[in-house]
Amino acid sequence: MNKKVLIVDDSATIRQQVRMALNAAGFDVVEAADGEDGLSMIRSDSAIVAVICDINMPKKSGLELLEELKAGGANSQVPIVMLTTEGQPALVQRAKKAGAKGWIVKPFKANLLVAAMQKLTA
């Protein structure tokens with residue numbers, strides 16, 4: 001059975017690029033367009049084994065999603081990698097402190113993203 005990864009990004013183009021890279025590597029991919037939907041999907045789908053999440057999104061940011069998920073509840077142990085245009089050290093530190101497993105800056109290299117997901121879900 002393929003491992004299910006959730007992509008949370010308000011850019012349909014980024015979701016499509018990530019989906020294509022992960023599908024080619026044998027992952028199942030589900031998508032959410034904002035942090036609010038992403039958080040509810042993670043909490044309601046125990047098959048999700050990892051999350052790739054943008055920072056700047058409507059309704060709920062990626063950092064808010066990360067902090068709320070890691071605070072407890074269903075699937076709070078699911079690893080999250082942040083995928084963002086942001087590179088400020090303060091944001092990176094906040095995400096790491098909140099429990100992010102990685103930080104990938106857009107534009108991303110598909111092979112590095114796939115390698116990160118394979119490592120996290122091994």
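This is a predicted model: local features need pLDDT of at least 70, side-chain atom pairs count only at pLDDT 80 or more; totals for chains, interfaces and linings use all residues.
Trainee: What sits between β1 and β2 in the unit they form?

Mentor: Helix α1, residues 12–24, makes a β-α-β unit with those two strands, and the unit is right-handed.

Trainee: Zooming out, what pattern does the chain follow along the sequence?

Mentor: Reading along the sequence gives β-α-β-α-β-α-β-α-β-α. In total, the chain has five helices and five strands.

Trainee: And in what order do the strands lie in the sheet?

Mentor: The order is β2-β1-β3-β4-β5, in an open sheet with parallel pairing. At the edges are β2 (28–32) and β5 (102–105), each of which pairs on one side only. On average, neighbouring strands are turned by 25 degrees against each other, ignoring direction.

Trainee: What holds strands of a sheet together, in general?

Mentor: Strands of a sheet pair through backbone hydrogen bonds, either parallel or antiparallel.

Trainee: Which strands does helix α3 touch?

Mentor: Helix α3, residues 62–70, packs on the sheet and touches β1 (4–8), β3 (48–53) and β4. Its direction makes about 170 degrees with that of β4.

Trainee: Which strands does α5 lie across?

Mentor: Helix α5, residues 110–120, lies across β1, β3, β4 and β5. Against β3, helix α5 runs at about 145 degrees.

Trainee: New topic. Why say the radius of gyration agrees with a compact globule?

Mentor: Because a compact globule of 122 residues would have a radius of gyration near 14 Å, and the chain has 13 Å. The C-alpha atoms fill a box of roughly 30 × 30 × 25 Å along the principal axes.

Trainee: How much of the chain is buried?

Mentor: Of the 122 residues, 45% count as buried. The chain exposes about 6,100 Å², with carbon and sulfur atoms supplying 52% of that area.

Trainee: What share of the contacts comes from residues 24 or more positions apart?

Mentor: Such residues account for 62% of the contacts in the chain with a separation of 6 or more.

Terms used: Residues are numbered from 1 along each chain as its sequence is written. Side-chain values use heavy atoms; hydrogens and water are left out. Two strands pair if DSSP finds at least two bridges between them. Helices (H or I, at least four residues) and strands (E, at least two) are DSSP runs, numbered from the N terminus. Axes are lines fitted to C-alpha atoms, for helices over the stretch in contact, and angles run from 0 to 180 degrees between N-to-C directions. Contact means heavy atoms within 4.5 Å. A crossover is right-handed if, with the strands pointing away from the viewer, the path from the first strand over the helix to the second runs clockwise. The radius of gyration is taken over C-alpha atoms; the globule rule is 2.2 Å times the number of residues to the power 0.38. Buried means under 20% relative accessible area, exposed over 50%, partly exposed in between (1.4 Å probe, protein chains only). Accessible areas come from the Shrake-Rupley method with a 1.4 Å probe; for residues, only the protein chains shown count as cover.
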